[in-house]
Amino acid sequence: MSVDVVEPAVLRGRAKALVVLCVMQLMIILDGTVVTVALPTIQGDLGFSQAGLAWVMNSYLIAFAGLLLLAGRIGDLIGSKRIFLAGLALFTAASLLCGLAGNAEVLIAGRFLQGVGGALASAVILGMIVNLYPAPGEQARAMGVYSFTAASGASIGLILGGVITQTVGWHWAFLINVPIGATALAFAVRLLSHQPGLGLARGADVLGAVLVTAGLSLGVYTIVQTAEPNATLTRTLLQAAASIALLAAFVGRQARINNPLLALRIFRRRQLSVANVVVVLLFAAGFGFQFTTALYVQRVLGYDSLTTGLAFLPAPIMNALMSLSIAPRLTVRFGPRKMLIAGLVVFLVALLWISQAPVDGSYVVNVGPVLAVMGAGIGVAIPAAIMLAMSGADASDAGLASGLNNTAQQAGAAIGTAVLATLAAWTTAHRAAQGSLQALRDGYGAAWLAAAGFVFAAAVLSISLLRERHT
């Protein structure tokens, strides 16, 4: 009888803890796209050069992606709650610094600190969700909520960015995080349970931490700087080689020492390794698609920033319908592997559909329905891919697996945006004789087809190498 009384309270406590975790993840994702819409206004107010303006995004991305893997492992060693609280507090304080920034230098420094705080908190979120909801059915629903914040946050950010920038000013794109973060921090202290870590002696590899953080940060920097006007092939190749050398040195060290920061045995688990590759490809296609579609709507169809944001509404609506309601029930019935494959096929249809959009395209025919189909596809695929990745790790490696999966997400987003933007620009430049609008459309069309290639590769890997795990 006592179980019947306690169980609802336990479930409510878990639900509140899940909300806190997802609020932090939503803040991290929203911040990226809200700032993207505000960049022209920020440039005018703070006197950024065109090249310098890119560092409002890049300083955040480099710190965030570079520290995710390290932060996840530290969560395993000293406890995930401590790392999450530290990251949430730092992200909130850095948001205040960004909102009060009166010059370019302060804003870039604040963005870097936001990246550090975001990495600390985000790296352990997935592991904490898995621990909160170990049962497959409950975990599928929880992952649906998480994937909604991960997949729809960017689209919601475009909408909020247009509204905030045009009404109260770009500063509030950052300041809005302060009351939300402070409230989430107060609830997190009370709601999140503390689980003792393994202890720093089990993996406090300082040199390994330096190597992996430097290698990942340099790799992300190499990707994001390819879009800068002064980027050269020689410099890009040298930086890429240096990044690979640092990561190779890290891997070699992890194979030799007794208490590695990253236990290489985790990669022997095919489920985890393949699922993370699928996540890279999925996020590369998703973020690259969103970036190029926003440019198509603005530069070819002539929408302003606010209208562009509103145009993306079908994506988060369909994503919410699928990831929060329909997909969890289907996942329990059919398993995450089948749902992942189905979601990838739906997303592939959306990409092939929009790749045929003409210069004089219609929102009703060429954009709105595509965004709805895309939202449905990723609303099914992302939670399934994350569940498959996390199911390949033991409880003692939950933080590491969470950090690895978040790193895969961020690497995919960075790679996809850089590759698709570069391909679109190259195609446009080589077809300039066709006229500016047609050349732009052809560039975005090439990018959409490349994104379709990413999704097709993810589907092939899922069909051929992933297997269902029953728990």
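Biologist: Is Trp170 buried or exposed, and why?

Modeller: Buried means under 20% relative accessible area, exposed over 50%, and partly exposed in between, with a 1.4 Å probe and protein chains only. Trp170 has 1% relative accessibility, so Trp170 counts as buried. This is a predicted model: local features need pLDDT of at least 70, side-chain atom pairs count only at pLDDT 80 or more, and totals for chains, interfaces and linings use all residues. Residues are numbered from 1 along each chain as its sequence is written, and side-chain values use heavy atoms, with hydrogens and water left out.

Biologist: How do I read an aromatic pair?

Modeller: Two things describe a pair of aromatic rings: the distance of the centres and the angle of the planes. Rings of Phe, Tyr and Trp (its six-membered ring) pair if their centres lie within 6.5 Å; planes under 30 degrees apart are stacked, over 60 edge-to-face, the rest tilted. The count here is 6 aromatic pairs. Take Trp170 and Phe174: the centres are 6.2 Å apart and the planes stand at 90°, so this pair is edge-to-face. Phe174 is buried because its relative accessibility is 0%.

Biologist: What geometry do Tyr296 and Trp448 show?

Modeller: They are edge-to-face, at 5.3 Å centre to centre and 80° between the planes. The pair links distant parts of the chain, 152 residues apart: Tyr296 is in helix H11 (residues 270–300) and Trp448 in helix H17 (residues 436–465). Helices (H or I, at least four residues) are DSSP runs, numbered from the N terminus. Tyr296 is buried at 0%. Trp448 is buried too, at 0% relative accessibility. Ring pairs also bring in Tyr444, giving a cluster of Tyr296, Tyr444 and Trp448.

Biologist: Which residues is Ala439 in contact with, beyond its neighbours within four places in sequence?

Modeller: Contact means heavy atoms within 4.5 Å. With those neighbours left aside, Ala439 touches Thr428, Arg431 and Ala432. Ala439 sits in helix H17 and is buried, at 1% relative accessibility. From Ala439 to Thr427 is 12 residues in sequence and 7.4 Å in space, C-alpha to C-alpha.

Biologist: Where does Gln114 lie?

Modeller: Gln114 is in helix H5 (residues 104–132). Its relative accessibility is 0%, so Gln114 counts as buried. Leaving aside neighbours within four places in sequence, its contacts include Asp31, Tyr60, Phe91 and Phe174.

Biologist: With which side chain does the Gln114 side chain make a polar contact?

Modeller: A polar contact is a pair of N or O atoms within 3.5 Å; within protein, one must be able to donate a hydrogen and the other to accept it, and residues adjacent in sequence count only if both atoms are side-chain atoms. For Gln114 the partner is the side chain of Arg111, at 2.9 Å.

Note on methods
Helices (H or I, at least four residues) and strands (E, at least two) are DSSP runs, numbered from the N terminus.
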